[in-house]
Amino acid sequence: MTERKIKFRKAEDVREFVNAASRCDFDIDIFYNRIIIDAKSILGVLSMDLTRVMTVKCYGEDKNFNKTIAKFAVV
């Protein structure tokens, strides 16, 4: 299991992130505070406060998805 902090800058970023997450065969959650959303749900992710830094928790490993997360990673 890996965790990364990310932040989206625009709605197109969410679409790219969810598309990449949907291609993975393991669970991926995105959360902040006590709100946890399935990262494969575009409506769920868009319903979150996109101005916040969020945490992505991956329960598996995929090189292509890691590249996508790196685009939105917060240092």
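Biologist: How much accessible surface does the protein have, and what share belongs to carbon and sulfur atoms?

Modeller: The accessible surface is about 4800 Å², and carbon and sulfur atoms hold 50% of it. Such areas come from the Shrake-Rupley method with a 1.4 Å probe, and for residues only the protein chains shown count as cover. Bear in mind that this is a predicted model, where local features need pLDDT of at least 70, side-chain atom pairs count only at pLDDT 80 or more, and totals for chains, interfaces and linings use all residues. Residues are numbered from 1 along each chain as its sequence is written, and side-chain values use heavy atoms, with hydrogens and water left out.

Biologist: What is the pattern along the sequence?

Modeller: β-α-β-β-α-β-α, with three helices and four strands. Both are DSSP runs numbered from the N terminus: helices are H or I with at least four residues, strands are E with at least two.

Biologist: How do you know whether the radius of gyration agrees with a compact globule?

Modeller: The rule is 2.2 Å times the number of residues to the power 0.38, with the radius taken over C-alpha atoms. For 75 residues that gives a value near 11 Å, and the protein has 11 Å, so the two agree. The C-alpha trace spans about 25 × 25 × 25 Å along its principal axes.

Biologist: Why is Cys 24 called buried?

Modeller: Buried means under 20% relative accessible area, exposed over 50%, and partly exposed in between (1.4 Å probe, protein chains only). Cys 24 has 7%, so it is buried. Cys 58, at 3%, is therefore buried too. Of the 75 residues, 37% count as buried.

Biologist: What makes strand 2 and strand 3 a pair?

Modeller: Pairing takes at least two bridges found by DSSP. Strand 2 and strand 3 have four, in the antiparallel sense. Phe 31 stands opposite Ile 36 in strand 3.

Biologist: What sets Asn 33 apart, and is it buried or exposed?

Modeller: Asn 33 has a positive phi of about 50° although it is not a glycine. Most residues other than glycine have a negative phi. Asn 33 lies in the loop between strand 2 (28-32) and strand 3 (35-38), in a hairpin with two residues between the strands. Its relative accessibility is 61%, so Asn 33 counts as exposed.
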